[in-house]
Amino acid sequence: MEQHATYYLEDLPPGTRFRNDAAVTLEEAEIIRFGREFDPQPYHTDPAAARHTFFDGLVASGWHTIAVMTGLAIRSPMRLAEGQIGLGAEGIRFIKAVRPGDAIRLEIEVLENTPSRSRPGWGVIRVRWRAFNQHDEAVLEVCPSILVRARGTEAAA
């Protein structure tokens with residue numbers, strides 16, 4: 001797919017793929033800050049205590065990883081005409097723990113494309129976001145549904 005194109009509903013048939021190789025590295029201090037504010041569990045907030053948990057060390061919150069994935073999706077080559085208007089998500093799978101120093105990149109695949117019956121000129125795509133670390137190991141997967149404008153419609157919703 002072209003890097004800087006704007007995509008509309010008609011441009012996104014199932015099977016369309018995008019990849020964002022601009023990885024985000026999660027540093028220890030950032031993992032701890034996010035954990036303290038949003039997911040205050042020892043394996044996200046205290047490196048010493050984390051060594052005595054299931055994870056045997058500090059790991060990023062899954063919600064932190066999803067937030068990183070969201071930023072990668074917004075900055076990905078999948079530039080939608082009205083931006084990525086999220087409607088919901090399903091199928092969250094925490095596959096592998098994300099540790100300090102891991103560099104996360106994102107792959108996106110369109111799974112479904114459904115024109116809206118209630119809002120002419122719009123539709124919904126369901127996509128699969130898969131995050132990978134620097135070793136190309138899948139770490140997290142989620143399937144958001146996104147409202148997308150059709151080509152030739154006015155910009156206002």
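## Reading a predicted fold, residue by residue

Modeller: Let's start with Leu26, which sits in the loop between S2 and H1. Keep in mind as we go that this is a predicted model.

Colleague: Fine. Is Leu26 buried or exposed?

Modeller: The cut-off for buried is under 20% relative accessible area. Leu26 comes out at 0%, so it counts as buried.

Colleague: What is Leu26 in contact with, once its neighbours within four places in sequence are left aside?

Modeller: Quite a list: Ile31, Ala60, His64, Val68, Val98, Arg99, Pro100, Gly101, Asp102 and Ile104. Take Asp102: 76 residues separate it from Leu26 in sequence, yet the two C-alpha atoms are 5.8 Å apart in space.

Colleague: Let me zoom out. How many helices and strands are there in the protein?

Modeller: Four helices and seven strands. Reading from the N terminus, the order is β-β-α-α-α-α-β-β-β-β-β. Along the principal axes, the C-alpha atoms fill a box of roughly 55 × 30 × 20 Å.

Colleague: And what share of the contacts with a separation of 6 or more is between residues 24 or more positions apart?

Modeller: That share is 68%. Strand S4 holds a case you can look at, Leu87. Leu87 and Leu147 are 60 residues apart in sequence, but 6.7 Å apart from C-alpha to C-alpha. Beyond its sequence neighbours within four places, Leu87 also contacts Val124, Ser145 and Ile146, along with Leu147 itself.

Colleague: Now the interior. How should I read a nonpolar core?

Modeller: The general idea is that in soluble globular proteins, nonpolar side chains tend to be buried together. Here, 43% of the 157 residues are buried, and the largest nonpolar core has 33 residues.

Colleague: Which residues touch the most other members of that core?

Modeller: Leu12, Ile104, Ile108, Ile125 and Trp129. At least two core residues come from each of helix H1 (28-38), helix H4 (62-74), strand S5 (103-115), strand S6 (122-132) and strand S7 (138-149). For a close-up, click on Ile104: not counting residues up to four places away, Ile104 touches Ala23, Val24, Leu26, Val68, Leu72, Val98, Ala131, Phe132, Asn133 and Val139. Our Leu26 is among them.

Colleague: What does H4 look like on its own?

Modeller: H4 has 13 residues and spans 18 Å from its first C-alpha to its last, close to the 18 Å expected at 1.5 Å a residue. At its start, a side-chain oxygen of Ser61 comes within 3.1 Å of the backbone nitrogen of Trp63.

Colleague: Which residues in H4 are buried?

Modeller: Gly62, His64, Thr65, Ile66, Val68, Met69, Gly71, Leu72 and Ala73. The buried residues of H4 pack against strand S2 (17-25), H1, strand S4 (85-94), S5, S6 and S7.

Colleague: Why does Asn20 count as buried?

Modeller: Because its relative accessibility is 7%, and the cut-off is under 20%. Asn20 lies in strand S2, and a polar atom of its side chain is 3.0 Å from the backbone nitrogen of Ala22. Leaving out residues up to four places away, Asn20 touches Leu72, Arg75, Ser76, Arg105 and Leu106.

Colleague: Last topic, the rings. How many aromatic pairs does a search of the whole structure find?

Modeller: Five. In one of them, the rings of Phe34 and Phe38 have centres 4.9 Å apart and planes at 45 degrees, so that pair is tilted. As for the general idea, an α-helix has 3.6 residues a turn, so residues three or four places apart point the same way. Phe34 is buried, at 10% relative accessible area.

Colleague: What about Tyr43 and Phe55?

Modeller: Tyr43 and Phe55 also form a tilted pair, 4.9 Å centre to centre with 55 degrees between the planes. This pair links distant parts of the chain, with Tyr43 in helix H2 (residues 42-45) and Phe55 in the loop between helix H3 (47-50) and H4, twelve residues apart. Phe55 is partly exposed, at 24%.

Note on methods: Residues are numbered from 1 along each chain as its sequence is written. This is a predicted model: local features need pLDDT of at least 70, side-chain atom pairs count only at pLDDT 80 or more; totals for chains, interfaces and linings use all residues. Side-chain values use heavy atoms; hydrogens and water are left out. A nonpolar core is a set of buried Ala, Val, Leu, Ile, Met, Phe, Trp, Tyr and Cys residues joined through side-chain atoms within 4.5 Å. Buried means under 20% relative accessible area, exposed over 50%, partly exposed in between (1.4 Å probe, protein chains only). Contact means heavy atoms within 4.5 Å. The expected span of a helix is 1.5 Å times one less than its number of residues. A polar contact is a pair of N or O atoms within 3.5 Å; within protein, one must be able to donate a hydrogen and the other to accept it, and residues adjacent in sequence count only if both atoms are side-chain atoms. Rings of Phe, Tyr and Trp (its six-membered ring) pair if their centres lie within 6.5 Å; planes under 30 degrees apart count as stacked, over 60 as edge-to-face and the rest as tilted.
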